[in-house]
Amino acid sequence: MATPAKRKIFWICWGLLSVAIGGYLSAGLLLKSAASNPLLSPARAMLLPGKTSHGHYQIELACESCHTSAFGGRDVVQASCERCHAQELKDAVDKHPSSKFTDPRNAELAEKLDATLCVTCHVEHRPEITHGMGVTLAGDFCFHCHQDIAKDRPSHAGMAFDTCNSAGCHKFHDNRALYEDFLAKHLDEPSLLGRASLPARNFRELAADFPGYPADRFPLKPQSTTDAPAHLMKSQDVAADWLATAHARSGVNCSGCHQAEKNGAKHWVERPDHKVCAVCHEPESKGFLAGKHGMRLAEGLTHMTPRLARQPMHAKASDTELGCTTCHGAHRFDTRKAAVEACAGCHRDEHTAAYERSPHYALWKKELAGEAPPGSGVSCATCHLPRTEYRAPGLDVQRVLVQHNQNDNLRPNEKMIRPVCMNCHGLGFAIDALADRRLVTGNFAGKPGAHIKSLEMTAQRARAVEEKRRQRKAAAAQKQ
Amino acid sequence: MKTKWAVVTVLAAGGITAALPAHAQVSYKDMADALHAVMESDRTVYTRMVVNRLANQDKVIKASEHFKDDKALPLPAQMFRFGAEMVAEKKLPFSYSLQSMWPINKQNAPKTALEKKGLDAVAKDNTKPFYGEETLGKTKYFTAIYADKAVAPACVTCHNEHKDSPKTDFKIGQTMGGVVLRIPMK
């Protein structure tokens, strides 16, 4: 039996320990900086109500990013969803915008599926019910509103409602590559269109016209000598690397990136970050911060590293911090290296490993060897960081730039069809290829094993409509 | 029907703003008529002076349902719908939509009993709006339905030739559908 004195010490220790644990957890919960603090972040992790989805796991400890107020309820979370995702939904011509569900005439339907809130279909922290695209509803949710679809589209009679979204025919939000009239325009296309080349980037030609481009600092005139202080030029290799870049050809000297000003005093920054790149490359930087490589920085967390990733990564790259120069390489800024080697340096999944056996890689090798024209090779970036058309607000010219947000077309993969696949492939082939999981995993070495019948259905319907028109005209002619 | 509606509402349809004094009291019917006057005028201007003039008369640009892909003008019905969606985003105390008993998009067919009655009424007599009250979900609405007439050849040709149109013999001046405007009642 413990003596009263020992019992007292025990209770004091127990009390102190309880206060310490409580204090530790409270600090983890309440201090915003806890998410990036190696000592306090485990406390936050302990308080997570459940594993987050693939879209948010990188920022799951930045609780305040989504839960901006403790007492705002679902509206507060909705505002957070919209902060990051509203624009992409607008750009995707969202087929189910919230206005469809706030319309009083749909009140009865909205009672079954209130899609005015993202969390109706995408609940976070619930891994046990989370399916593809972070959807937490049963796969046949289309039934709630479209149960009588066969009346309007007899060809759909008997189709299971869990196939609408999963069979390669329709998507809830983004149908830009799948809508009927688009399919009708691209019937009977060959698998290879014979114009296999990517749009060329044109920043150099248009930079001077771009609003906000600091032409006074970077006069777009070729440079031949570095302007860094001599004592900082530790290697002539750096100068040689820089001289070979578009930066040197466009008047961006060492000071352009490395020289900063604070309180009127200029100082040298050894490692400029993405904010410096954004002075000229703002849309690219925005894309980077919205994507998987930069979203942690956007939310005030530490850099993303492969160690933090859920996907398989090379162990040797575990602690590589992801910023602009991680892939582009400081001074050399070799976009070809950034397009393949940089990706393969970290990513170790089957799809990446299979790339070197793919016909896409064969084309890429030919381009690198100068045996094929620029833009004819297919790198990792060709599909995952594609070149897209970009129009700056208030500007007439259109830029072709690299979309650095790989989330923009990653899931569902049909988002890739128009901006990526159809640069080289026919629509039908692209739909089939992306619907074949085995082919995707094997990096498209082979032919699609699946066939999606939406193009045939479109053609069939077009023939029926044409026949109806013909009959109507014939009847009208007879009347006359 | 004459209900107190303390108006601090701003009529934001079509870019025209008309703030009423805070003490004013407007009936649901007058409010609906005023809102519709703005909608109808803007849409008619767009149909006649933009789409019909440029696409049908001068033939300098096409109007297309897939205006982005086709680098064309949005159709008048789409222009109207985009406005309605923008108003819906503002969460103002009214909503409106374009519906028809012969809709190209089946989602725009009348759904509620009052919509069916109203669209039928304005199809028979397009000189008078139809007014009524209905409860949808848990909210009671004042619902006004106005005839939507074919005001230009562009309306008629497009609807008569569209592959999904259930009616292919519209004529200028005929009722093609109706604008359904709802104000939640207090």
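Colleague: Which loop of chain A holds Asn263(A), and is that residue buried or exposed?
Modeller: Bear in mind that this is a predicted model. Asn263(A) sits in the loop between strand E1 (259-262) and strand E2 (265-268) of chain A. Its phi is near 50°, positive although the residue is not a glycine. There are 5 other C-beta atoms within 10 Å, and 12 or fewer counts as exposed, so Asn263(A) is exposed.

Colleague: What about His331(A), buried or exposed?
Modeller: His331(A) is another non-glycine with a positive phi, about 75°. You'll find His331(A) in the loop between helix H17 (324-328) and H18 of chain A. It has 21 C-beta neighbours inside 10 Å, and the cut-off is 20 or more, so His331(A) counts as buried.

Colleague: Over to chain B: which residue in the turn between E4(B) and E5(B) has a positive phi?
Modeller: Strand E4 (residues 130-136) and strand E5 (residues 139-149) of chain B run antiparallel, joined by 7 bridges. Leu136(B) has Thr139(B) as its bridge partner in E5(B). The hairpin leaves 2 residues between the strands, and the one with a positive phi, about 65°, is Gly137(B).

Colleague: How are H1(B) and H2(B) oriented to each other?
Modeller: Helix H1 (residues 28-57) and helix H2 (residues 76-89) of chain B have axes 9 Å apart, at an angle of about 140°. H1(B) passes H2(B) in a right-handed crossing. Among the residues that meet there are Tyr46(B) and Val51(B) from H1(B), and Met79(B) and Phe80(B) from H2(B). An angle over 145 degrees would count as roughly antiparallel, so this pair is oblique.

Colleague: Last one: how do the residues on the side of chain A that touches chain B divide by class?
Modeller: The contact takes 13 residues from chain A and 18 residues from chain B. Elements giving two or more residues to the chain A side include helix H5 (98-102) and helix H26 (454-479). By class, that side divides into 5 nonpolar, 2 polar and 6 charged.

Methods: Residues are numbered from 1 along each chain as its sequence is written. Chains are lettered from A and ligands numbered from 1 in the order in which they are written. This is a predicted model: local features need pLDDT of at least 70, side-chain atom pairs count only at pLDDT 80 or more; totals for chains, interfaces and linings use all residues. Two residues are in contact if their C-beta atoms, placed from the backbone, lie within 7 Å. Helices (H or I, at least four residues) and strands (E, at least two) are DSSP runs, numbered from the N terminus. Ala, Val, Leu, Ile, Met, Phe, Trp, Tyr, Cys and Pro count as nonpolar, Asp, Glu, Lys and Arg as charged, and the others, Gly among them, as polar. Two strands pair if DSSP finds at least two bridges between them. Axes are lines fitted to C-alpha atoms, for helices over the stretch in contact, and angles run from 0 to 180 degrees between N-to-C directions. Angles under 35 degrees count as roughly parallel, over 145 as roughly antiparallel, 65 to 115 as roughly perpendicular and the rest as oblique. A crossing is left-handed if the near helix is turned anticlockwise from the far one by less than a right angle, and right-handed if clockwise.
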